[in-house]
Amino acid sequence: MSDRRTLQVKQMSGHSGEAPGFGVQREPEVCKLIDTTICIGCKACEVACVEWNDMPFGPTTFDNTYQTMPETRWNFWNLIKFNEHQREDGTVQWLMRKDQCMHCADPGCLRACPADGAIVQYVNGIVDFQQENCIGCEFCVSGCPYDIPKFNPATKKVYKCTLCSDRVGQGLEPACIKACPTGCLKFGTKEDMKYIAEERAKQLRENFGFAQAGVYDPQSIGGTHVVYVLHDASDPERYGGLPKDPVIPWSYTVWKWLAKPVLGTLSLMGLAGVLMHYVSVGPRRPQPEPPLKEGTDVHRG
Amino acid sequence: MWLKDDGTTLSGNWLYCGSWTEAGALTQRRGTEDPSELGIYPNWAWSWPANRRVLYNRASCDGNGKPWDPSPRQVWWDEAKQSWIGNDVPDFKADSTPKDHMGPFIMNPEGVGRLFVPLGAMADGPFSEFYEPIESPIANPLHPNQSSNPVVKKYKTDLDKYGTVDQGFNVICTTYRLTEHYHYWTKNNPMNVQLVPEPFVEVPAELADRMGIRGGENVRVTSARSQYVAKAMVTRRIRPMHVDGKEMFQIGIPIHWGFRGIAEDEGKTAKTLANQLTPTVIDPNAYTREFKGFLVKIERA
């Protein structure tokens with residue numbers, strides 16, 4: 001689903017040393033801008049994603065909402081989350097937010113993944129799964145602060161939005177952006193999208209009475225390559241559970257950055273110690289047998 | 001070259017005749033000059049019909065062909081050229097002298113504008129009037145003795161019965177369409193069915209509380225004619241109404257399901273149609289049915 005021939009890799013999961021070809025190519029960071037204040041919940045983006053990625057349809061059931069299903073699936077990568085938010089004065093604000101992989105600058109999935117090259121982050125910011133290297137351990141599922149990667153028990157691999165790396169690698173915009181009829185989805189460089197987002201947030205604050213309007217680009221994970229304009233940036237939770245300050249579970253950080261190097265070093269030292277003992281003191285000598293206890297009847301020899 | 005009435009010319013849409021000539025596509029012109037300063041930009045694109053920018057513009061002149069207002073001149077009669085000319089294309093027979101008194105409203109047979117509709121043009125003319133639908137919770141405040149349109153077309157079968165609030169039909173019902181489905185054929189398409197799998201009835205939260213209806217549970221909607229059974233979508237987006245001092249509720253039913261379809265064939269629906277509920281009462285001019293406003297009662301099924 002990716003295009004490693006044209007996109008430059010920045011970091012790979014479970015890989016020692018630098019990513020191959022590092023520093024060969026410069027690319028601007030891309031960004032998908034989602035303006036929740038313009039989204040009409042038409043689901044054209046949901047359909048475009050399924051169609052472009054040739055994914056099989058799955059069963060759904062009515063669940064008292066217009067939302068297609070409760071969460072993304074291995075074969076359904078982008079989902080509009082609906083929420084009827086009730087304001088203090090009793091009026092209802094029907095919020096709609098396109099939920100998909102956020103392509104974090106500091107991806108939790110990549111940090112958690114133990115398989116070499118199963119998760120790749122390109123220089124342009126796209127985080128992509130390489131299913132051929134995936135071992136199906138599902139660590140990425142718990143490493144992700146947004147609950148995005150989903151496991152397919154049949155293939156034993158994990159799947160998520162690729163930010164259409166195959167299209168972006170050829171200079172096209174992602175399928176969802178192409179399908180959006182209102183123009184609430186935009187694609188371009190991170191710099192440009194942030195500029196447009198901040199201008200729109202300013203317009204919402206100054207002209208439309210949304211005093212808390214702002215841009216969602218959480219620095220707690222170094223920023224994301226999917227950015228939202230929200231009516232109320234002080235409460236992202238109400239947009240279908242968007243975490244306010246997402247963090248990678250600390251256990252993965254401790255494992256990868258502390259436990260793994262420390263315990264790895266200690267085990268190497270232990271191995272070296274054994275080797276040195278063998279070389280200096282010698283191999284295991286035959287041990288004297290312990291004295292027999294009085295009254296025991298054991299055959300010797 | 002203009003359309004002729006002798007059968008030698010052919011036109012798919014006479015309004016656009018003359019928009020593409022030997023000079024090319026006149027719709028792509030970008031002339032920004034406005035000699036009359038009336039906002040008539042005669043060389044910007046092309047306006048149907050015949051690049052006229054203001055219809056019935058002969059009415060801007062008096063009986064002698066002289067503009068009522070000398071400063072913004074749209075069109076006028078030029079005695080020397082014996083023709084109507086101007087800053088806009090005259091919406092008039094070019095060589096009809098003012099003495100002939102041809103009426104400026106050339107699309108009406110009588111040549112003048114209409115304050116009311118002449119005999120026979122509207123079934124319920126001559127003036128427009130506000131009527132209540134045949135099933136309404138109130139009497140028409142303008143004329144309670146004739147609440148609804150006296151010349152609506154009705155049928156006389158057993159099913160053509162109408163209900164009142166006194167008979168227990170105390171909930172207003174309307175029907176509409178979804179973005180995710182189209183008419184009655186997308187219920188057979190797996191993609192659309194994945195987006196919205198089952199029929200539902202949108203019920204205001206306050207009404208649901210009163211009737212003990214919970215989201216996702218089946219409800220039965222009954223009109224004087226038939227019944228409709230589907231799951232309830234309990235929502236805060238539909239607010240109670242206050243009609244004539246009484247609190248009334250409105251429910252909404254998307255139309256897209258019927259006897260056959262993916263969900264229907266799997267036995268997931270009651271196989272009822274939204275239009276079993278609606279009254280077959282037909283507007284006497286446009287022939288639209290009164291499917292958008294009628295009375296029902298609702299209960300748990």
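**Stop 1**

Select A:Cys109 and show what surrounds it. Leaving out residues up to four places away in sequence, A:Cys109 touches A:Ile119, A:Val127, A:Cys140, A:Gly143, A:Cys144 and A:Pro149. Touching here means that the C-beta atoms of two residues, placed from the backbone, lie within 7 Å.

A word on the ground rules: this is a predicted model, where local features need pLDDT of at least 70, side-chain atom pairs count only at pLDDT 80 or more, and totals for chains, interfaces and linings use all residues. Residues are numbered from 1 along each chain as its sequence is written, while chains are lettered from A and ligands numbered from 1 in the order in which they are written.

**Stop 1**

A residue counts as buried if 20 or more other C-beta atoms lie within 10 Å of its own, as exposed if 12 or fewer do, and as partly exposed in between, with C-beta atoms placed from the backbone.

**Stop 2: H1 of chain A**

Select residues 44-52 of chain A, which make up helix H1. Helices (H or I, at least four residues) and strands (E, at least two) are DSSP runs, numbered from the N terminus. Seven of the nine residues of H1(A) are buried, so the helix is largely enclosed by the rest of the structure. Colour them if you like: A:Ala44, A:Cys45, A:Glu46, A:Val47, A:Ala48, A:Cys49 and A:Val50. What do they pack against? In chain A, they meet S3, S4, helix H5 (175-179) and strand S9 (185-189), and from chain B comes helix H1 (190-195). Just after H1(A), look for A:Asp54, with a positive phi of about 55°.

**Stop 3: where the chains meet**

Show both chains. The contact takes 16 residues from chain A and 17 residues from chain B. On the chain A side, helix H1 (44-52), strand S3 (79-86) and strand S4 (92-99) each give two or more residues. That side divides into six nonpolar, six polar and four charged residues. In this count Ala, Val, Leu, Ile, Met, Phe, Trp, Tyr, Cys and Pro are nonpolar, Asp, Glu, Lys and Arg are charged, and the others, Gly among them, are polar.

While you're there, click A:Asn83 in strand S3 of chain A. A:Asn83 is partly exposed, with 17 other C-beta atoms within 10 Å. A:Asn83 and A:Gly240 sit 157 residues apart in sequence, but their C-alpha atoms are 6.1 Å apart.

**Stop 4: H7 of chain A**

Jump to residues 250-280 of chain A, helix H7. At 1.5 Å a residue (the expected span is 1.5 Å times one less than the number of residues), its 31 residues should span 45 Å, and the 42 Å between its end C-alpha atoms agrees. H7(A) bends by about 40° at A:Ala259, with a proline, A:Pro261, following within four residues. The bend is the angle between axes fitted to the seven residues ending at a residue and the seven starting there.

**Stop 6**

Head for A:Leu163, which is not a glycine but has a positive phi near 50°. A:Leu163 is buried, with 28 other C-beta atoms within 10 Å. Compare B:His101, also not a glycine, with a positive phi of about 55°. B:His101 is exposed, with 9 other C-beta atoms within 10 Å.

Finish with two cis peptide bonds in chain B. From B:Trp48 to B:Pro49, omega is near -10°; from B:Gly125 to B:Pro126, omega is near 5°.
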